[in-house]
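Here's a quick briefing on a ligand site and the residues around it. Have a look at the model first, then read on.

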Amino acid sequence: MSLVENLSRWMHLLFGILWIGHLYYFNFVQAGFEGKLAADMKKSVIPENRPRALFWFRWGAMWTFVTGILLVGFNYHMNRANLGPDATGMAMGVFLFPLFIYFLYDIVAKKVGGGPMSMPSLAVNLVLFAGYMALCHFAAKLGGRALWIHAGMAFGITMMMNVWMRIWPAQRRIITAIKEGNAPDQADVALAGARSRHNTYMSVPLLMYMFAQHSDGFYNAAIGALGNHSPLVMVFVTAALGFFFANLLYKKAGQLSGF
Ligand code: HEM
């Protein structure tokens, strides 16, 4: 079992890098570079370049998810001590919740307007995320490590669903239009761009949530009067810090140019 667990962990990291590496390439390199191409160059370069990158991107997302679910099974549900000393029966139920929350997130992103990075959408998403974290902390009573991995899963599963349900279908239509010499549907361009941008923002705190087990002090340190609620509060501090760092990366990417 330990061999399978370690293989899953190794593959999880490999596929995670494959996925998030391409996500950063799209957002911090390709977006700026393609904007500089002349129309006839776009028609020949994009249908050759994007499908290759999107292949590694979407299958990286799928296998990161699959190996991540295996790790939840091995490290938490077959090793219940990692759920925390006070974990209740609800701990078994909360881990696939983000799949359902995604459909609410998707409705909010469409109905509220401005995509998932608009202020109203972010506010509703914060409420959804806070509700899920409250369920994990107060009802399932997960310990710090398990709470943080559930925060990471909420972001990771939302990101994986964005890739397969929104970004990839929209990109297929966009690339086909460009290859045929037509202007892509602007609604598809806006949809793929907004979800990709939101994924980039979520990926930064996600990294900390995922490997937080190795920085125990960070989430388990009791902060004053917060006591055993500290891991919950630190989840939100980390999300805010992560969004801030992602914003810095976008700013830098916007300043870069070719020779
Ligand atoms: C798609 C949804 C994802 C799920 C369901 C998931 C689930 C998990 C689980 C259950 C663990 C084990 C944590 C533990 O043993 O305490 C883990 C670890 C980890 N995950 Fe994810 N994960 C996902 C996405 C990602 C992504 C996108 C990355 C980015 C590279 C990533 C990077 C990591 C890292 C670095 C670790 C720590 C491995 C270690 O320290 O041994 N995960 N993940």
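Met-210 comes out as partly exposed, because its relative accessible area is 23% and the buried class stops at under 20%. His-12, at 15%, falls on the buried side of that cut-off. Keep in mind that this is a predicted model. These two residues matter here as the protein donors of the ligand's iron atom.

**The iron site**
- The iron site is octahedral, and its six donor atoms make angles of 85 to 180°.
- For reference, six octahedral donors would ideally give 90 or 180 degrees.

- Arg-9 puts a polar side-chain atom 2.3 Å from a ligand oxygen.
- For Tyr-76, a side-chain N or O atom is 2.4 Å from an oxygen atom of the ligand.
- Gln-213 has a side-chain N or O atom 3.4 Å from a ligand oxygen.

**The surroundings**
- The ligand sits in the largest pocket.
- There are 23 residues around the ligand, and those that come nearest are Arg-9, His-12, Tyr-76, Met-210 and His-214.
- Helices H1, H2 (39-77), H5 (144-179) and H6 each bring at least two residues to the shell.
- H2 gives the most, with seven residues in the shell around the ligand.

Key. Residues numbered from 1 in each chain as written. Predicted model: local features only at pLDDT ≥ 70, side-chain atom pairs only at ≥ 80, totals over all residues. Heavy atoms only, no water. Donors = N, O, S within 2.8 Å, 3.2 Å for Na, K, Ca; no water. Tetrahedral: all angles 85-135°; square planar, octahedral: opposite > 155°, others 65-115°. Buried < 20%, exposed > 50% of the residue type's maximum accessible area, 1.4 Å probe, protein only. Near = heavy atom within 4 Å. Polar contact = N/O pair within 3.5 Å; in protein donor to acceptor, adjacent residues only side chain to side chain. 1 Å grid on protein atoms, 1.4 Å probe; cavity = no way out; pocket = protein on both sides within 12 Å on 5 of 7 lines; lining within 4 Å. Sits in = over half its atoms within 2 Å of the grid points. Helix = DSSP H or I, 4+ residues; strand = E, 2+ residues; numbered from the N terminus.
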